[in-house]
Structures are given as structure tokens and as C-alpha cells.
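Reader: I would like to go through this entry with you. Could we begin once the sequence and the structure are on display?

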Amino acid sequence: MESRVLSSGATTISGLPRLTKPTARIINTFAVSSPASLNANGGNLVCGRQLRPTLLNLDYSSPVPLAAKAAKRDVLKPCAATASDSAGDAAPVGILAKYPFLITGFFFFMWYFLNVIFNILNKKIYNYFPYPYFVSVIHLAVGVVYCLGSWTVGLPKRAPIDSNLLKLLIPVAFCHALGHVTSNVSFAAVAVSFTHTIKALEPFFNAAASQFVLGQSIPITLWLSLAPVVLGVSVASLTELSFNWLGFISAMISNISFTYRSIYSKKAMTDMDSTNLYAYISIIALVFCIPPAIILEGPQLLKYGFNDAIAKVGMTKFVTDLFWVGMFYHLYNQLATNTLERVAPLTHAVGNVLKRVFVIGFSIIVFGNKISTQTAIGTSIAIAGVAIYSVIKAKIEEEKRNLKSA
């Protein structure tokens, strides 16, 4: 940084030496009562970030005029660095640091984008390869390989796990595996929009489990907000053109499984970061998913499943579709967790509802699914109910945290 040196050899007023004002910067005049108190070299003053009072070697035992005291305080303050001093002195503030909402907005966008792409690609695979148990294994397997690769390069560093934590994570992973497989069975059996409409009932199962399993008191306002959810799903189910019992029951089992996953997750609270925790859950869930895939779909896959898929779309597209659907599945789940860490629970809850609206809307457009007026009305009512429930629940949770911190 360029240093500006002011010499005491400047002109004096009433016999007192003073510091002259440089042309590029205004510095308050500092008057001392005794010229002898300055250094022999002239009492040079360096104006910059490293300014220290000892550079002046002032003798505070001598009387100092009142007018000089205020000036003394100003002179001894470090001068603020200017853009002309040096480009390397102060790192420029980037646009992302200046506007953090851009990063949060990017997280939301990528969360929605990856979720929509996953649902569309997943359904396209089922149109020519209807084996949801095997595809569920691929989803988790690709994510596990991704996690292992990330650990290998240290992004992130693998967190250690002991037998006690493993025992706590096994029930969580089992419910995660069951919910994931049954969701895919439903996706393969009915329209994507209908599966997501049924899965809008998940808050109802969460509230029921909290009330009757965990013994927690659920406010009446939460129960009332769930009424339109149940009503909307019922209306949509009665008039859904792609309705079948396999898809409906599978989606309901998925809701129950993810509800119990939440319950066991609370019992397995740990200080481990979410990225490592999700990686361990994915590995354990993969172990649970492999046996049913081999037992229920293995013989069919070996006999004609793989050959039919390759004959329809070719080996390259078949393999790349499976790879990318697994990557999208893992990344959108990881981004959902990262987004939750950046925003308040209320914002995340509303964002989750909007995500479901995006998925339903885009799936109808892409696949050209025909829906009746009653189905559209029922879906809208259910989504609105979920939005109301999410807002009320997030506010209740926020009030609880405020009371604990008070």
C-alpha cells in the first residue's frame, strides 16, 4: 500500500509545527506544545492501516491544548484504505456475498429443477422398463457410488460411525427404503400427478403418528388444516382416470413409511452433518432394497426384462437413463437438505408445497395426461390444505424454539 509520509518540516503556526494536508486526502491538524517531543528524524507520521501512536513518540506529560486533544484522537485513528491504495489490501466484495438471496434462490431453483427432471425421466423409464424394485436399487446405488467418490476426494470428509449410531440408523434406513420402493411402485402403476396427489396426505400421517405414537399434543388448528387435504385427495382419487389399487395402496404405504422414518430420525438425533448422515442412510437402505429386487424381479429381468428394454431404446440410452435418474434422485434429495439449512422452516415448508405443484403441473404437460375437472379441483384443494398445514406447523415450531431460547 502506498504510504504517505508527512514531515514535520512543514510551515508552522504560532511557532508550532503542524502536519500539512496532502492533496489526495484530508487529515486533521495536530498541534503539540513542545517541538522537542518529536523524533529527531522529524516525527514522521505514516498514514495507513499500520499506523501506531508510538510512531509519533509523543510526550503526553507536556500540557496539550484543549483544541489539540480532539485532533489527537482523530490523527491516531487508522486511515481507511481507499481503492487507490492497493487492489490487494481489501478483497472486493463479490455479488454473491453482497446479495446472499441469489444463492438461496439458486438452491431453490436447482431443487425444483432436479426434482421435476427426476420425476419425468423416472416415469419415462417405467414406460419401457416397468421394474420399480430394480430401478429403486439403481437410484440408491448411483447415490452411494457418488457418496463414496466424494468421501475419497474429501468432499466432504467422511464422518466416523460407531455401532451405537449404526443401530439407531438401521430403522431410519429401513423406513427410507420401504418408502422409496413403494413410491416407485406407485409411479410405475399410475400417473405421476396422481401419486403426488396421494403423497400430499403425508402431513396427515405425520400428525396422527405424533399424536398417537409419540404422545404429542397436536393443536386443533393443525387437525382442521388437514381436512381439505383429506377431502381433496378423496375427490381426486374418485375421478382419477389412471386410478388402480396398486398405485393407490403403494403411495399410502410410502406415506406411512416416511412418517415412521421421521419418528425414528428424531430418536437417532446426532451431531453428524446432513451430507454424511444421508450417505450412511443411503448405504443401509440399498442393502435393504437389493433382496426384494432379486426375489421379485430377478427372474423376469434375466428372462426378458433387460432384452425388451434394450430392444426398445438401445443399450446406450438404457444405461444412461438409469445412471442419470439415479444422479437426479440423489442430488435433489441432497439439495433439499441443503436448502433447509439456508432458510427458515416456514420458507422450506412453503417451498416444498410449491415443488409438488411444479411436479404435478410439469408431469401433466410432458406426458399429456388427461385429467377430469373433478381431479383438478381435488388436487388443488389438497395442495392448498398442505400449504395451510405447513404454514401453521412451521409457526408453531418457531414459537417453541423462541420459548426455549428465551
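Author: What follows is a discussion of a predicted model, taken topic by topic.

Reader: Fine. How many helices and strands does the chain have?

Author: The chain contains 13 helices and 4 strands. Of its 406 residues, 43% are buried.

Reader: And what is the mean pLDDT of the chain?

Author: The mean is 77, and 73% of the residues reach 70 or more. Confidence is highest in α4, at 95, and lowest in strand β1 (residues 4-6), where the mean is 39.

Reader: Where does pLDDT stay under 50?

Author: That applies over residues 1-88, for which the model has 99 contacts beyond four places in sequence. Where pLDDT is low, the predicted coordinates should not be read in detail.

Reader: How many aromatic pairs does the count come to?

Author: The count comes to 26 aromatic pairs. One of them joins Phe134 and Phe306: the ring centres are 5.4 Å apart and the planes stand at 75 degrees, so the pair is edge-to-face, the cut-off being over 60. This pair links distant parts of the chain, since Phe134 is in helix α4 (residues 132-153) and Phe306 in helix α10 (residues 274-313), 172 residues apart.

Reader: Is Phe134 buried or exposed?

Author: Phe134 counts as buried, at 18% relative accessibility, whereas Phe306 is partly exposed, with a relative accessible area of 25%.

Reader: What about the rings of Phe243 and Trp245?

Author: Their centres are 5.2 Å apart and their planes are at 80 degrees, so this pair too is edge-to-face. Phe243 counts as partly exposed, at 29% relative accessibility, and Trp245 counts as exposed, at 57%.

Reader: A change of topic: how many residues are in helix α13, and what should they span?

Author: Helix α13 (residues 373-405) has 33 residues, which should span 48 Å at 1.5 Å a residue. The end C-alpha atoms of α13 are 48 Å apart, which agrees.

Reader: Which residues of α13 are buried?

Author: The buried residues of α13 include Thr375, Gly378, Thr379, Ala382, Ile383, Val386 and Tyr389. An α-helix has 3.6 residues a turn, so residues three or four places apart point the same way.

Reader: Which residues is Asn206 in contact with, leaving aside neighbours within four places in sequence?

Author: Asn206 is in contact with Thr259, Ser262 and Tyr389. Asn206 lies in helix α7 (residues 202-212) and counts as buried, at 18% relative accessibility.

Notes
Residues numbered from 1 in each chain as written. Predicted model: local features only at pLDDT ≥ 70, side-chain atom pairs only at ≥ 80, totals over all residues. Heavy atoms only, no water. Phe/Tyr/Trp six-rings, centres within 6.5 Å; stacked < 30°, edge-to-face > 60°. Helix = DSSP H or I, 4+ residues; strand = E, 2+ residues; numbered from the N terminus. Buried < 20%, exposed > 50% of the residue type's maximum accessible area, 1.4 Å probe, protein only. Expected span 1.5 Å × (residues − 1). pLDDT = per-residue confidence, 0-100. Contact = heavy atoms within 4.5 Å.
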